[in-house]
Each structure stands twice: as C-alpha cells, then as structure tokens.
Amino acid sequence: MTTLADVPLNVLDLAWRGAGQTNAEAVGGSLELAKRAEALGFGRYWFAEHHGMPGIASSAPAVLIGAVAAVTERIRVGSGGVMLPNHAPLVVAEQFGTLRALYGDRIDLGIGRAPGTDGATALALRRTREGLDASAFPQELQDLFGFFYGGMSPNNPMARMLAVPGLGDAPEVWLLGSSGFSAQLAGALGLPFAFAHHFAGENTEAALELYRRSFEPSEFLEQPHSMIAVSVIADASAEVVRREMLPGAITFIRMRQGQKPEPVSLDEALAYEFSPLEEEFIAHRNARQAIGTTDEVRARLTALLASTGADELMIQPSSATLAGRLRTLDLVAAR
C-alpha cells in the first residue's frame, strides 16, 4: 500500500490574511512557511492565484514565487496556478522565463483555466469579454508553449513575436484542473496533471482515471504523472484542530452564499452558532480532506493516495493561524 513515505510532499499556499492582519503580515507569513517547508524537506512550494478575496493575498503568484525563491535554496517554487485566461500568454512567458533566468531549474508553472475570481473581476483583469468563458484556453496554452519552445505555426499572428526572457527558458509546466476537461487536455498534451482535490474532492478519482486513459507520451513525459492538492489541518489536540478550522469554515459558508467576507477572527468563530445545515455542509466538505489529529491526518492522506494513485501529494495548510500552518507542516513531514 502506498504511504506518505512513498511519495514527494509539496505545499500549496494561498497567503492567508487573518483577521486584523495587514497584507505585509500575510505575505511575510508565506515566506516563513516556505522556509520551514524547505527545512522539512518538502519538494515544491506553489502559490494559487486568487483575486478580490479579502482573506487571500496570493493575487500575484509570479511576484511571490520570486520572493520565496530569493529566501530559499533548494525547494522548487511555482504557481498552483497561474490562471491563463487572466493573462496574455506572452506576459506569462516573460514572467516565468525571467524567474527561470534568475533561479534556474527550480521554477514550476502550474496553469489553470478558471479565473480564480468572480466574473466582474475577471473582466477587469482581461479588459475584454473575449475569452472570459475559457473557450480559448487550449489555443492560449499552445501560444504559451510557442513562446517558450518556438515552433508556432506561421499562420499564427504571434509567430513573429519573441519572449525575452522566455524562449529557451521554459519552467517545468503542469496543467491544473478540477474537472474532466482539464484531465483530458493534460493527457492529450502529455503534461503532468495536478487535481484540485482541496475544493473538488468528489471528482478526484474519476478525473485522474480520465487523465491516465487520455495520456499520450510527449516530449515532457513518457508516462502519466499526477498530483492531488489536499486541505490539511493537523494537531495532536482535536480541540485545537477545530479551533484552527472554524474561521475558514465560516468564511467558506459565506462565500457559498455569494459574499466576499472579511477574515473571521477566532473570537467570532468560537461564538458562531452553526445551523444543522451548516454543520452538515462543513462535515461533508471536510470528509475527503485531511483535518484532524496527527494520526487521523496521516490515515486520511494514506487513504487518498491509495484511492487516487497520485504520484505526488500537495498539502494546502488551512489552519487559521500561521502557528497552526507551521505545526501542520511539521506533523505531516514527520510522516
């Protein structure tokens, strides 16, 4: 049976901004967490792209990647991911080509097709309604590869453009997804595939099986290679686990109600009275994540590895406090 000791462990960071925190404190916490991850032997440290969310400060992954790469030495640093519909492929090629020129073969580029925000913010990012439905994503991905590797079709109007840095400076590219579409596309292109189990846990096994069935060997990979991202809160005390989980749970409930809530303080969370429906919703959401005491978390992660056959595991530390996220890394790394 596959265990935690059998697979590479990685970290997904959203640069959480807690109640009363400044943005400087939020991103400073990410730097501290990244340095701890490297010291503990984690293999990758990725930032997710989100916009317009008061509790998440990871709106500019390329900037955070550069900051973390500058204060670490060995750990791979990347995006989980850059939402390509929000950006011109040329800009992404230049940004990540520059990062690779600065930090060598430590840079990963995880690419997704969701906007990572609401429609109005996506429109503000893109400045046009064209492509907002992500229907152009496969072509944008091909354009990005053309900027990195060359070989664009002469019929492509961007074929004469040059990414500097970019051309010849390609990072390791992953395709991200939470659906069968991304799984099939990753397989067809022969790319490594990372599945967003941390918010789409019902579809993980089916999507990974579809990825493997769709896989075609490529210049990137000879065989399929997959990773799952899992929300994790670990502590020796079940009481501490619940305390660290509550602010995020309330925030998620409010987001599902269409709000963009400010971060929830611990005092507010402890005083909050969950309705039976809310308790059921949170229990259902957490059921396939790894939130619990140390032994419970290890058992849950081992079970997920067994059911998914993932080649790598990416934990998304979801504790409300930086101390809790650091403790989660410590406990998971102990395997």
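The model is predicted, with local features needing pLDDT of at least 70, side-chain atom pairs counting only at pLDDT 80 or more, and totals for chains, interfaces and linings using all residues. Residues are numbered from 1 along each chain as its sequence is written, and side-chain values use heavy atoms, with hydrogens and water left out.

Let's start with the overall form. The secondary structure comes to 12 helices and nine strands; these are DSSP runs numbered from the N terminus, with helices (H or I) of at least four residues and strands (E) of at least two. The C-alpha trace spans about 60 × 45 × 40 Å along its principal axes. For 335 residues, a compact globule would have a radius of gyration near 20 Å, and the 19 Å of this protein agrees with that. That radius is taken over C-alpha atoms, and the globule rule is 2.2 Å times the number of residues to the power 0.38. Of the 335 residues, 51% count as buried, where buried means under 20% relative accessible area, exposed over 50% and partly exposed in between (1.4 Å probe, protein chains only).

Now to the aromatic rings. Rings of Phe, Tyr and Trp (its six-membered ring) pair if their centres lie within 6.5 Å; planes under 30 degrees apart are stacked, over 60 edge-to-face, and the rest tilted. The whole structure holds 11 aromatic pairs. One of them joins W46 and W174 edge-to-face, at 5.7 Å centre to centre and 80° between the planes. W46 is buried at 1% relative accessible area, and W174 is buried at 0%.

A stacked pair is formed by F252 and F281, with 5.9 Å between centres and 15° between planes. Here F252 sits in helix α8 (residues 238-256) and F281 in helix α10 (residues 276-286), 29 residues apart. F281 is partly exposed, at 26%. R285 lies over the face of F252, 3.8 Å from the ring centre; a charge sits over a ring if NZ of Lys or CZ of Arg is within 6 Å of the ring centre and within 35 degrees of the ring normal.

A salt bridge is a side-chain nitrogen of Lys or Arg within 4 Å of a carboxyl oxygen of Asp or Glu, and 15 are counted here. R17 and E262 meet in one of them (3.6 Å, N to O). R17 lies in the loop between β1 (9-13) and α1, and E262 in the loop between α8 and α9 (266-271), so the bridge ties together parts 245 residues apart in sequence. R17 counts as buried, at 18%.

R327 belongs to helix α12 (residues 322-333), and the partners are 83 residues apart. E244 is buried at 7%, whereas R327 is partly exposed at 28%.

Finally, the surface. L162, V164 and L167 make a nonpolar patch of about 290 Å². V164 lies in the loop between α5 (137-149) and β5 and counts as exposed, at 60%. Patches are made of residues with over 30% relative accessible area and no salt bridge, like charges being joined within 9 Å and nonpolar side chains (Val, Leu, Ile, Met, Phe, Trp, Tyr) within 5 Å. Accessible areas come from the Shrake-Rupley method with a 1.4 Å probe; for residues, only the protein chains shown count as cover.
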